[in-house]
Amino acid sequence: MYETIARRVAQGQGREPADLVIRNVRLFDLVTGELIPTDIAVCGDTIVGTMGRYEGKRVIEGRGRVAVPGFIDTHLHVESSLVTPYEFDRCVLPHGVTTAICDPHEMANVLGTAAFDYFLACAERVVMDLRVNLSSCVPATTMETAGARLDAADLTPYRAHPKVIGLAEFMNMPGVLNADPTCMDKLVAFAGEHIDGHAPLLRGKALNGYLAAGISTDHEATAVDEALEKIRKGMIVLIREGSVCKDLAALVPLLNPATASFFAFCTDDRNPLEIAHEGHLDFLIRRAIELGVEPVAAYRAASLTAATAFGLRDRGQIAPGKRADIVLLDDMRRCVVSDVVSAGRLVDEALFAAREIVPPVGLGSVTLPYPVAAKDMEIKGDGKNRPVIGIVPGQIITEFLRFDLPSAGGVVKPDLSRDIAKVCVVARHGHNDNIGRGFVQGFGLKQGALASSVGHDSHNICVVGTNDADMALAVNRLEETGGGFVAVRDGAVLAELRLPVAGLMSDRSYEEVRDELIELRKAAREMGGALEEPFLQLAFLPLPVIPHLKITDVGMIDVETMARV
């Protein structure tokens with residue numbers, strides 16, 4: 001270390017050539033918002049010189065491009081990108097995302113601590129800096145069947161790992177506010193370390209109590225007044241723009257140079273198709289500026305605030321002593337990324353090709369106790385005053401609706417004239433043969449069925465459809481393929497995406513996943529589907545920690561009371 005620091009000191013002063021010089025850039029100063037002509041000198045993985053001219057053993061010609069710090073995605077689930085950490089690395093690093101803070105919550109709900117072992121092994125080998133927050137709520141509630149259960153004793157052995165930051169989103173708000181012993185054990189074990197929040201619609205004294213537990217961030221704010229109360233109480237609000245949850249437009253009116261130290265960006269759940277069409281954090285920055293945010297506030301939220309909020313003191317600014325994560329832009333206002341330097345290395349395919357690959361885990365994890373039949377999808381009873389989940393496009397919050405529905409022979413039917421389809425959740429972890437049954441409004445389906453083994457948070461199979469036979473076929477097909485998405489109509493598979501890694505991720509390239517998602521979207525539209533992201537919207541219907549009405553393998557759940565309806 002002595003020799004390393006001595007080299008940094010010498011190269012920073014220009015006494016010897018830098019290992020790398022990025023010549024002739026305009027450095028975007030996150031302090032003043034100025035563009036400063038300079039070279040950037042790098043020794044190993046560390047920036048050692050700015051605001052001057054340097055000689056280097058290797059030179060990247062900046063050609064007057066704008067240099068900004070690498071972007072930090074403050075909260076995401078790699079699994080929701082539908083690819084492994086290696087393909088996620090390839091997919092988002094060229095968009096300027098040099099650090100990603102992931103919560104392997106999805107895989108942990110299927111495989112338990114094996115998910116941590118897999119993600120941490122991958123994090124040590126990918127090009128980007130992939131950090132892990134340990135999943136705090138597995139399972140998220142008692143109203144569903146998960147594949148695993150993690151207590152404080154399961155989490156603490158990972159606490160000291162160099163890639164671990166702290167605890168991921170603490171979504172059991174009632175458990176925190178009522179001092180549930182299981183929650184308290186985890187909060188005590190990670191006291192003084194970073195603990196992510198998950199507090200949709202939480203306000204007033206209840207929010208005070210939640211924050212008093214040591215929780216410091218939240219990505220679930222969806223309105224200005226909610227976000228303003230949270231930042232006034234010291235919380236860092238992570239502005240989210242994913243493939244389903246799109247909160248950027250609602251919250252950016254609050255983002256300005258005065259408040260930028262209280263806002264960061266996250267994607268939470270964003271798939272390769274969305275990334276291909278729009279981008280990743282570069283899209284959030286671009287869109288924020290289009291909506292009127294000053295560039296200095298947008299870029300500060302994407303880097304410096306994010307780094308500070310998560311204790312990553314070695315990055316977030318292009319300055320001597322900071323990690324050499326640098327993004328070169330052809331256009332700053334439109335956030336057009338042309339080159340990325342990650343830990344002092346110019347990102348190219350050769351870097352990705354040199355990685356050691358960790359074998360995938362969780363193959364064969366989709367297990368049904370028996371083949372599902374059409375009669376297993378039936379809902380017995382009359383159709384009077386039936387609870388119906390109301391989809392809110394662009395949100396994972398749902399409405400609690402009630403309708404009188406048609407029935408025949410003691411079986412309740414969908415009402416496609418009012419866009420009400422059937423939805424079922426089938427347990428797939430081999431613990432029981434539960435099937436939750438209900439109705440949902442908003443998918444637009446006129447025929448067929450859509451099914452997914454991605455079903456937050458316990459990841460049972462969720463299927464929505466217009467008839468029982470196609471729904472049963474879709475469920476059984478997912479067991480055959482090891483998990484994924486499937487569109488079925490008239491007894492035939494129209495399109496599918498296989499996700500054999502824990503039933504959540506593909507073992508193929510993100511380009512292949514992107515192309516198959518296009519075919520799935522097309523199939524859903526042909527069946528009358530009205531949603532831009534029907535499969536991700538489907539995946540959030542079994543999420544009983546988000547208001548107001550959800551469905552799990554035990555039935556339809558009123559999230560306000562955490563009771564079956």
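Analyst: What follows goes from the cores to the cavities. The model is predicted, so that local features need pLDDT of at least 70 and side-chain atom pairs count only at pLDDT 80 or more, while totals for chains, interfaces and linings use all residues. Residues are numbered from 1 along each chain as its sequence is written, and side-chain values use heavy atoms, with hydrogens and water left out.

A nonpolar core is a set of buried Ala, Val, Leu, Ile, Met, Phe, Trp, Tyr and Cys residues joined through side-chain atoms within 4.5 Å, where buried means under 20% relative accessible area, exposed means over 50%, and partly exposed lies in between, using a 1.4 Å probe and protein chains only. The largest such core holds 140 residues, and those with the most contacts inside it are Phe170, Phe265, Tyr299 and Leu541. Helix α4, which spans residues 114-123, gives the most to this core, with 8 residues; helices here are DSSP runs (H or I, at least four residues), as strands are (E, at least two), and both are numbered from the N terminus. Apart from this, a second, separate core of 18 residues includes Met377, Ala451, Ile461 and Val463.

Now to the cavities. On a 1 Å grid over the protein atoms alone, a cavity is a set of points where a 1.4 Å probe fits but cannot get out, and its lining residues have an atom within 4 Å of a point. Grid points are joined across faces, edges and corners, and a volume is the space filled by probe spheres set on the points. By this rule there are 6 cavities of 30 Å³ or more.

The largest cavity has about 90 Å³ of space, and of the 16 residues that line it, His77, Glu169, His198, Phe540 and Leu543 lie nearest its centre. Its lining has 5 nonpolar, 4 polar and 7 charged residues, where Ala, Val, Leu, Ile, Met, Phe, Trp, Tyr, Cys and Pro count as nonpolar, Asp, Glu, Lys and Arg as charged, and the others, Gly among them, as polar.

The second largest cavity has about 70 Å³ of space, and its lining divides into 8 nonpolar, 1 polar and 2 charged residues, including Leu82, Asn271, Arg521 and Glu533.

Conventions: 1 Å grid on protein atoms, 1.4 Å probe; cavity = no way out; pocket = protein on both sides within 12 Å on 5 of 7 lines; lining within 4 Å.
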